[in-house]
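Biologist: I am new to this structure and would like to go through it step by step. Please show it first.

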Amino acid sequence: GYENREDLLTHDPADFSPEFQPDGISSRVKSEQAISKAFVEGSNRFDWLHQSMDGKEIPVEVILSPMVLDEGLVLLVVWHDLRERKKAEAAVREIEAQCSSLVSNIPGVTYRCLMDEQWTMLFISDEISTVSGYPAEEFLGEDPKRNFAQIMHPEDTTRVGENTSRAIDSKELYTHEYRVID
(Lines give C-alpha, C1' and ligand atoms only; values in the text may rest on other atoms or scores of the structure.)
Protein backbone atom coordinates (compact mmCIF):
# COMPACT_ATOMS: atom_id res chain seq x y z
CA GLY A 1 0.00 0.00 0.00
CA TYR A 2 0.83 3.63 -0.08
CA GLU A 3 2.24 5.33 2.99
CA ASN A 4 -0.23 8.19 3.23
CA ARG A 5 -2.99 10.12 1.56
CA GLU A 6 -0.57 12.51 -0.14
CA ASP A 7 1.04 9.58 -1.95
CA LEU A 8 -2.28 8.99 -3.65
CA LEU A 9 -3.27 12.61 -4.22
CA THR A 10 -0.07 13.62 -5.98
CA HIS A 11 -0.32 10.96 -8.67
CA ASP A 12 -2.19 10.61 -11.95
CA PRO A 13 -4.47 7.53 -12.13
CA ALA A 14 -2.18 6.13 -14.82
CA ASP A 15 0.58 5.95 -12.19
CA PHE A 16 -1.40 3.17 -10.48
CA SER A 17 -2.08 1.30 -13.70
CA PRO A 18 -0.32 -1.02 -16.12
CA GLU A 19 1.16 0.71 -19.16
CA PHE A 20 -1.83 -0.33 -21.30
CA GLN A 21 -5.46 -1.05 -20.54
CA PRO A 22 -7.00 -4.33 -21.82
CA ASP A 23 -8.24 -2.59 -25.00
CA GLY A 24 -4.62 -1.78 -25.93
CA ILE A 25 -4.87 1.96 -25.25
CA SER A 26 -2.17 3.57 -23.12
CA SER A 27 -3.35 3.99 -19.51
CA ARG A 28 -2.06 7.57 -19.51
CA VAL A 29 -3.98 8.50 -22.69
CA LYS A 30 -7.11 6.67 -21.55
CA SER A 31 -7.07 8.30 -18.10
CA GLU A 32 -6.79 11.76 -19.69
CA GLN A 33 -9.75 10.93 -21.95
CA ALA A 34 -11.80 9.65 -19.01
CA ILE A 35 -11.10 12.77 -16.94
CA SER A 36 -11.96 15.06 -19.87
CA LYS A 37 -15.21 13.20 -20.45
CA ALA A 38 -16.16 13.57 -16.77
CA PHE A 39 -15.69 17.34 -16.93
CA VAL A 40 -17.58 17.65 -20.22
CA GLU A 41 -20.50 15.32 -19.38
CA GLY A 42 -20.70 15.90 -15.61
CA SER A 43 -19.57 12.39 -14.66
CA ASN A 44 -17.99 9.29 -16.13
CA ARG A 45 -18.38 5.66 -15.10
CA PHE A 46 -16.12 2.95 -16.58
CA ASP A 47 -14.11 -0.19 -15.86
CA TRP A 48 -10.38 0.19 -15.35
CA LEU A 49 -7.37 -1.95 -14.63
CA HIS A 50 -5.22 -0.67 -11.75
CA GLN A 51 -1.94 -2.11 -10.57
CA SER A 52 -0.88 -2.54 -6.95
CA MET A 53 2.59 -1.56 -5.77
CA ASP A 54 3.63 -5.21 -6.04
CA GLY A 55 2.50 -5.37 -9.69
CA LYS A 56 -0.78 -7.25 -9.26
CA GLU A 57 -3.56 -6.11 -11.57
CA ILE A 58 -6.79 -5.01 -9.90
CA PRO A 59 -9.97 -4.62 -11.97
CA VAL A 60 -12.06 -1.70 -10.70
CA GLU A 61 -15.11 0.29 -11.63
CA VAL A 62 -14.35 4.00 -11.58
CA ILE A 63 -16.79 6.85 -11.15
CA LEU A 64 -15.47 10.34 -11.84
CA SER A 65 -17.57 13.33 -10.79
CA PRO A 66 -16.41 16.96 -10.98
CA MET A 67 -17.42 19.05 -7.94
CA VAL A 68 -17.03 22.64 -6.89
CA LEU A 69 -15.71 23.04 -3.35
CA ASP A 70 -14.29 26.01 -1.46
CA GLU A 71 -10.90 25.10 -2.92
CA GLY A 72 -12.34 25.30 -6.43
CA LEU A 73 -13.15 22.64 -9.02
CA VAL A 74 -12.12 19.14 -7.92
CA LEU A 75 -12.67 15.66 -9.26
CA LEU A 76 -14.30 13.14 -6.96
CA VAL A 77 -12.99 9.67 -7.80
CA VAL A 78 -14.63 6.49 -6.49
CA TRP A 79 -13.07 3.09 -7.17
CA HIS A 80 -14.95 -0.17 -6.60
CA ASP A 81 -12.82 -3.30 -6.48
CA LEU A 82 -14.24 -5.80 -9.01
CA ARG A 83 -12.05 -8.82 -8.17
CA GLU A 84 -14.79 -10.76 -6.39
CA ARG A 85 -17.36 -9.96 -9.08
CA LYS A 86 -14.90 -11.04 -11.81
CA LYS A 87 -14.27 -14.32 -9.95
CA ALA A 88 -18.02 -14.93 -9.66
CA GLU A 89 -18.55 -14.14 -13.36
CA ALA A 90 -15.76 -16.55 -14.32
CA ALA A 91 -17.32 -19.26 -12.14
CA VAL A 92 -20.71 -18.73 -13.81
CA ARG A 93 -19.12 -18.93 -17.27
CA GLU A 94 -17.39 -22.19 -16.28
CA ILE A 95 -20.64 -23.70 -15.00
CA GLU A 96 -22.46 -22.60 -18.16
CA ALA A 97 -19.75 -24.20 -20.31
CA GLN A 98 -19.98 -27.44 -18.33
CA CYS A 99 -23.78 -27.50 -18.61
CA SER A 100 -23.60 -26.76 -22.32
CA SER A 101 -21.11 -29.57 -22.81
CA LEU A 102 -23.27 -31.96 -20.80
CA VAL A 103 -26.47 -31.08 -22.69
CA SER A 104 -24.77 -31.27 -26.09
CA ASN A 105 -23.71 -34.85 -25.34
CA ILE A 106 -27.15 -36.11 -24.35
CA PRO A 107 -28.66 -38.21 -27.13
CA GLY A 108 -32.02 -36.67 -27.90
CA VAL A 109 -33.59 -33.30 -27.27
CA THR A 110 -33.25 -31.63 -23.90
CA TYR A 111 -35.57 -28.75 -23.15
CA ARG A 112 -37.22 -26.66 -20.49
CA CYS A 113 -40.65 -25.27 -21.26
CA LEU A 114 -43.77 -23.73 -19.80
CA MET A 115 -46.71 -26.02 -19.17
CA ASP A 116 -48.96 -24.16 -21.59
CA GLU A 117 -50.79 -25.24 -24.75
CA GLN A 118 -47.83 -24.38 -27.00
CA TRP A 119 -45.14 -25.90 -24.75
CA THR A 120 -43.39 -22.49 -24.86
CA MET A 121 -39.66 -23.14 -24.78
CA LEU A 122 -37.37 -21.48 -22.27
CA PHE A 123 -34.40 -23.62 -23.39
CA ILE A 124 -33.99 -26.25 -26.07
CA SER A 125 -30.87 -28.13 -27.13
CA ASP A 126 -29.49 -27.97 -30.65
CA GLU A 127 -30.35 -31.66 -31.10
CA ILE A 128 -33.90 -30.51 -31.96
CA SER A 129 -32.68 -29.76 -35.49
CA THR A 130 -31.69 -33.42 -35.96
CA VAL A 131 -35.04 -34.67 -34.67
CA SER A 132 -37.39 -32.11 -36.22
CA GLY A 133 -35.44 -30.52 -39.04
CA TYR A 134 -35.91 -27.07 -37.44
CA PRO A 135 -33.13 -25.15 -35.69
CA ALA A 136 -33.45 -24.50 -31.94
CA GLU A 137 -33.70 -20.73 -32.53
CA GLU A 138 -37.09 -21.20 -34.20
CA PHE A 139 -38.55 -22.49 -30.90
CA LEU A 140 -37.19 -19.71 -28.69
CA GLY A 141 -37.89 -16.04 -28.07
CA GLU A 142 -40.87 -13.76 -27.47
CA ASP A 143 -42.62 -14.73 -30.68
CA PRO A 144 -41.16 -18.09 -31.77
CA LYS A 145 -41.57 -19.26 -35.33
CA ARG A 146 -42.44 -22.79 -34.08
CA ASN A 147 -43.67 -24.46 -30.93
CA PHE A 148 -43.78 -28.07 -29.78
CA ALA A 149 -47.53 -28.26 -30.14
CA GLN A 150 -47.08 -27.65 -33.90
CA ILE A 151 -44.60 -30.47 -34.44
CA MET A 152 -46.08 -33.10 -32.10
CA HIS A 153 -48.53 -35.56 -33.67
CA PRO A 154 -52.08 -34.58 -32.53
CA GLU A 155 -52.80 -38.12 -31.30
CA ASP A 156 -49.81 -37.89 -28.91
CA THR A 157 -50.36 -34.46 -27.33
CA THR A 158 -52.92 -35.48 -24.69
CA ARG A 159 -50.91 -38.49 -23.52
CA VAL A 160 -47.65 -36.54 -23.37
CA GLY A 161 -49.31 -33.64 -21.52
CA GLU A 162 -50.94 -35.95 -18.95
CA ASN A 163 -47.75 -37.96 -18.39
CA THR A 164 -45.74 -34.77 -17.97
CA SER A 165 -48.21 -33.28 -15.48
CA ARG A 166 -48.31 -36.52 -13.49
CA ALA A 167 -44.50 -36.74 -13.35
CA ILE A 168 -44.16 -33.10 -12.29
CA ASP A 169 -46.85 -33.45 -9.61
CA SER A 170 -45.13 -36.53 -8.17
CA LYS A 171 -41.65 -35.02 -8.69
CA GLU A 172 -40.48 -37.96 -10.78
CA LEU A 173 -38.14 -38.04 -13.74
CA TYR A 174 -39.80 -38.67 -17.07
CA THR A 175 -39.05 -39.26 -20.72
CA HIS A 176 -41.37 -39.08 -23.70
CA GLU A 177 -41.57 -40.79 -27.01
CA TYR A 178 -43.93 -39.25 -29.53
CA ARG A 179 -44.22 -38.67 -33.22
CA VAL A 180 -42.87 -35.49 -34.80
CA ILE A 181 -44.68 -34.13 -37.84
CA ASP A 182 -43.72 -31.53 -40.45
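Biologist: Is Lys 171 buried or exposed?

Modeller: The model is a predicted one. Lys 171 sits in the segment after α6 (154-169). Its relative accessibility is 78%, and the cut-off for the exposed class is over 50%, so Lys 171 is exposed.

Biologist: Is Trp 119 buried or exposed?

Modeller: Trp 119 belongs to the loop between β4 (111-113) and β5 (121-124). Its relative accessible area is 8%, and buried means under 20%, so Trp 119 is buried.

Biologist: What is the phi of Trp 119?

Modeller: Most residues other than glycine have a negative phi. Trp 119 is not a glycine, yet its phi is positive, near 55°.

Biologist: Which element gives the most residues to the lining of the largest pocket?

Modeller: The largest pocket has a volume of about 780 Å³. Of its 30 lining residues, the closest to the centre include Leu 8, Phe 16 and Trp 79. Elements that each supply at least two lining residues include α1 (5-9), α2 (27-41) and β3 (72-81). With 6 residues, the element that gives the most is β3.

Biologist: How many residues in the lining of the second largest pocket are nonpolar?

Modeller: The second largest pocket has a volume of about 610 Å³. By class, the lining has 3 charged and 5 polar residues, and the nonpolar ones number 16.

How values were computed
Residues numbered from 1 in each chain as written. Predicted model: local features only at pLDDT ≥ 70, side-chain atom pairs only at ≥ 80, totals over all residues. Heavy atoms only, no water. Helix = DSSP H or I, 4+ residues; strand = E, 2+ residues; numbered from the N terminus. Buried < 20%, exposed > 50% of the residue type's maximum accessible area, 1.4 Å probe, protein only. 1 Å grid on protein atoms, 1.4 Å probe; cavity = no way out; pocket = protein on both sides within 12 Å on 5 of 7 lines; lining within 4 Å. Points joined across faces, edges and corners; volume = space filled by probe spheres on them. Nonpolar A, V, L, I, M, F, W, Y, C, P; charged D, E, K, R; others polar.
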